Amino acid sequence: MIDDDLAEIMRAAETGDPQARDRLFAALYSELRGMARRELRQNMTMTLTPTTLLHETFLNMSQRGSLIFRDRTQFMAYAGRAMRGLIVDYLRRRQAHKRGSKFEITSLPTELPYAEEDPEVAEMVELSDALETLAKVDARLAECVDLKLFCGLSFSEIAELRNVSERTVQREWDKARLLLNRLICDEDDQALPPNEA
C-alpha cells in the first residue's frame, strides 16, 4: 500500500472513524505477519502460530479506546510492543503452569524442590521490563529498539521512516543498548541477597 493511502487511513483514525484502525491493521497485515513470524522464530519454545499471535495483537490493540498513530513508524512500534507483551504474558503463564499454578496447594510435611525458571523466559521478561522502564526515560530510544529488535527493521529502514540519517539511528540504538544493559544489570544486582551483591 502506498504511503498516501496509509496517511489517509491514519487521518481518518484521528478524526474518530471507528473502522480506520481495522483498515490500518489490514493494510499492514503482511508486514505485521512477518513481524509475528520473526518473534516466534526467536522464541522457539512457544507453541503459538504467527496467525494466532497476530490476531491476539489485533484484539489487544482494538480493545484500547483512543489510540492515535501519527505515522506508520509509531503504529509498527506499538504493534511490536503489543506482540512483545503478549509473548511475555504467554511465557509467564507457561512458567507459572510449570511451577504448579494449576494445582491446589495442600500442606505436606515434605518440601518439594523449587522448579528452575527457564532462562529464555527470564531473559525475555527481563528485557521487556527494562524496555518498559526505558520507554519512561526516553520513548524515542525504546521505539528504536522496538523497530529494530521486534519489528525487524534495518537501520536504513528506521532512518527512512523517521526522516533522519542512518547514523542518527545507529547512535540511538547504541545508546538504547547501553541503557538497557545498565537497567538489566541494576535489576540483577537488586535481586541478589545483600551478602552476594
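Contact, as the word is used here, means heavy atoms within 4.5 Å. The structure described is a predicted model, in which local features need pLDDT of at least 70, side-chain atom pairs count only at pLDDT 80 or more, and totals for chains, interfaces and linings use all residues. Residues are numbered from 1 along each chain as its sequence is written, and side-chain values use heavy atoms, with hydrogens and water left out. The protein chain has 9 helices and 0 strands, where helices (H or I, at least four residues) and strands (E, at least two) are DSSP runs numbered from the N terminus.

**Overall architecture**

- Read from the N terminus, the order of elements in the protein chain is α-α-α-α-α-α-α-α-α.
- The protein chain has 197 residues, of which 37% count as buried; buried means under 20% relative accessible area, exposed over 50%, and partly exposed in between, with a 1.4 Å probe and protein chains only.
- Among contacts in the protein chain with a separation of 6 or more, 62% join residues 24 or more positions apart.

**Helices H2 and H4**

- Helix H2 covers residues 20–27 and helix H4 residues 50–62; their axes come within 11 Å and cross at roughly 155°. Axes are lines fitted to C-alpha atoms, for helices over the stretch in contact, and angles run from 0 to 180 degrees between N-to-C directions.
- H2 and H4 are therefore roughly antiparallel to each other. Angles under 35 degrees count as roughly parallel, over 145 as roughly antiparallel, 65 to 115 as roughly perpendicular, and the rest as oblique.
- The crossing of H2 and H4 is right-handed; a crossing takes this name if the near helix is turned clockwise from the far one by less than a right angle, and is left-handed if anticlockwise.
- On the H2 side, Arg21, Asp22 and Phe25 take part, and they meet Leu54, Thr57, Phe58, Met61 and Ser62 in H4.
- The residues of this contact of H2 with H4 comprise 4 nonpolar, 2 polar and 2 charged. Ala, Val, Leu, Ile, Met, Phe, Trp, Tyr, Cys and Pro count as nonpolar, Asp, Glu, Lys and Arg as charged, and the others, Gly among them, as polar.
- Phenylalanine 25 belongs to helix H2 and is buried, with a relative accessible area of 5%.
- Not counting residues up to four places away in sequence, phenylalanine 25 touches Leu32, Leu54, Thr57, Phe58, Met61 and Phe75.
- Phenylalanine 25 and alanine 79 are 54 residues apart along the chain, and their C-alpha atoms are separated by 9.4 Å.
- Asparagine 60 lies in helix H4 and touches Ala82 and Leu86, residues up to four places away in sequence not being counted.

**Helices H7 and H8**

- Helix H7 (residues 139–150) packs with helix H8 (residues 155–162) at an angle of about 130°, their axes being 10 Å apart.
- H7 and H8 are therefore oblique to each other, and H7 passes H8 in a right-handed crossing.
- Arg140, Glu143, Cys144, Leu147 and Lys148 of H7 make the contact with Phe155, Ile158 and Arg162 of H8.
- The contact of H7 with H8 has 4 nonpolar, no polar and 4 charged residues.
- Asparagine 163 is in the loop between H8 and helix H9 (166–191), and is exposed, with a relative accessible area of 72%.
- The phi of asparagine 163 is near 60°, a positive value in a residue other than glycine.

**Other helices and buried residues**

- Alanine 12 is placed in helix H1 (residues 3–14) and is buried, with a relative accessible area of 16%.
- Apart from its neighbours within four places in sequence, alanine 12 is in contact with Asp17, Ala20 and Arg23.
- Helix H3 (residues 29–42) has 14 residues and should span 20 Å at 1.5 Å a residue, which agrees with its end C-alpha atoms being 20 Å apart. The expected span is 1.5 Å times one less than the number of residues in the helix.
- Buried residues in H3 are Leu32, Gly34, Met35, Ala36, Glu39 and Leu40.
- Arginine 84 is found in helix H5 (residues 72–98) and counts as buried at 1% relative accessibility.
- Leaving aside neighbours within four places in sequence, arginine 84 is in contact with Met124, Ser128, Leu131, Glu132, Asp146 and Phe150.
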